[in-house]
Amino acid sequence: MRVFVTGGTGHSGSHIIPELVAAGHEVTGLARSDTAAAAVSALGAKVRRGDLEDLDGLQEAAADSDGVIHVAHRRDLLSSGGIDAVAAAEAPIVLAYGEALAGTGKPLVVAGSIGSPGNQGRPVTEEDPALPGGDEHRGTLRVRNVVETTAVGLAERGVRASVVRIATIAHSTTDRAGFLAQLIAIAKQKGFVGYPGDGANLWNAVHVRDLASLFRLALEKGPAGRYWHAVADGAVPFREIAEAIGSRLGLPVVSIPADVLMVPGYFGFLASLVTQNYPASNLITRRTLGWEPAQPGLLDDLDNGHYFPVS
């Protein structure tokens with residue numbers, strides 16, 4: 001299959017491209033700069049120069065392919081317009097793919113968030129739709145849900161479109177700026193590892209190599225109009241994550257009172273995330289696509305030591 005991939009040099013994309021190549025697919029990756037082009041080529045893919053602002057170019061690339069995997073977003077808009085601007089720019093990109101693939105039955109797999117169904121008071125499943133956005137949710141991650149609903153809606157236009165909801169924590173040996181790396185940096189700065197309240201709130205995680213295999217499976221055989229959960233660990237108490245970090249750093253692990261002052265005082269801009277409860281199921285994904293996570297789980301990966309290089 002000839003596959004067009006965006007975001008191929010990012011944390012997820014840099015594992016997705018080799019996964020596709022190893023499975024025998026011919027991959028073309030979007031590259032905005034010479035540096036990105038070299039990175040895409042090194043991963044084993046052909047290079048298509050361009051950027052996410054060129055909708056005509058993206059549409060042309062999609063039309064020339066047998067399928068599309070979209071894991072990129074307009075990160076450059078975050079500083080000026082926040083998540084609202086990023087989401088507003090990404091929905092037209094998905095629609096451009098839809099124009100190119102309409103009526104073909106070709107696959108389009110778009111990256112989503114495991115948090116898009118919201119807190120259901122139980123593990124979220126693949127049958128839980130993304131919650132609607134709206135003006136009352138401006139400035140929150142919920143505004144990006146329009147990207148997921150737009151992608152899934154393309155099934156009605158004859159596109160085999162689906163969304164891979166990525167776990168809250170995506171970990172690997174190449175993770176340098178993800179959630180775990182940020183928690184570790186905060187702990188080093190503060191001199192202790194914090195967790196909110198009793199730390200019983202549940203988080204989910206996936207190894208990026210397992211995530212990459214799920215994108216491939218969704219591309220190869222995923223039915224249209226579906227959500228898939230890239231979740232290996234579905235319910236890890238936040239306190240256990242903090243304790244694992246503390247053990248590796250040799251720092252005390254301390255409860256941070258879950259109020260409006262103390263949690264932001266320790267976690268900063270992550271405060272609104274760390275207090276959330278994110279249990280998630282992967283049962284439908286595994287049964288439908290035959291996906292079986294094979295890489296180290298979250299706590300095992302923390303214990304491997306690569307998040308704590310010896311200086």
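User: What kind of unit do β5, helix α5 and β6 make?
Analyst: A right-handed β-α-β unit, with α5 covering residues 145-153. It's a predicted model, by the way. The handedness call follows from the path: with the strands pointing away from you, going from the first strand over the helix to the second runs clockwise.

User: How do you know that β5 and β6 pair?
Analyst: Count the bridges. Two strands pair once there are at least two bridges between them, and seven join β5 (residues 107-113) to β6, so the pairing holds. The two strands run parallel.

User: Why is β6 called mostly covered?
Analyst: Seven of the seven residues in β6 (160-166) are buried, and buried means a relative accessible area under 20%. Both faces are covered too: R160, S162, V164 and I166 are on one side, with A161, V163 and R165 on the other.

User: Where else is there a β-α-β crossover, and what is the sense of the pairing between β2 and β3?
Analyst: Strands β2 (residues 26-31) and β3 (residues 46-49) pair in the parallel sense over four bridges. The chain gets from β2 to β3 through helix α2 (residues 34-42), and that crossover is right-handed. One of the bridges has A31 partnered with R49 in β3.

User: Which class does A102 fall in, and why?
Analyst: A102 comes out at 29% relative accessible area; that lies between the 20% and 50% cut-offs, so it's partly exposed. A102 sits in the loop between α4 and β5. V159 is 57 residues away in sequence but 5.4 Å away in space, C-alpha to C-alpha. Beyond four places in sequence, A102 is in contact with R157, G158 and V159.

User: Which residues does S281 touch, sequence neighbours aside?
Analyst: P123, V124, T125, E126 and H229, not counting residues up to four places away. S281 is in the loop between α10 (271-274) and α11 (283-289). A polar atom of the S281 side chain also lies 3.2 Å from the backbone nitrogen of L283, and the polar-contact limit is 3.5 Å. By contrast, the C-alpha atoms of S281 and R239 are separated by 20 Å.

User: How many cavities of 30 Å³ or more does a search of the whole structure find?
Analyst: One. The largest cavity holds about 40 Å³. Its lining is made up of L183, I186, V193, G194, A242, I245, Y266 and F267. At least two lining residues come from each of α6 (179-190), β8 (193-196), α8 (238-249) and α9 (262-267).

Notes
Residues numbered from 1 in each chain as written. Predicted model: local features only at pLDDT ≥ 70, side-chain atom pairs only at ≥ 80, totals over all residues. Heavy atoms only, no water. 1 Å grid on protein atoms, 1.4 Å probe; cavity = no way out; pocket = protein on both sides within 12 Å on 5 of 7 lines; lining within 4 Å. Points joined across faces, edges and corners; volume = space filled by probe spheres on them. Buried < 20%, exposed > 50% of the residue type's maximum accessible area, 1.4 Å probe, protein only. Contact = heavy atoms within 4.5 Å. Polar contact = N/O pair within 3.5 Å; in protein donor to acceptor, adjacent residues only side chain to side chain.
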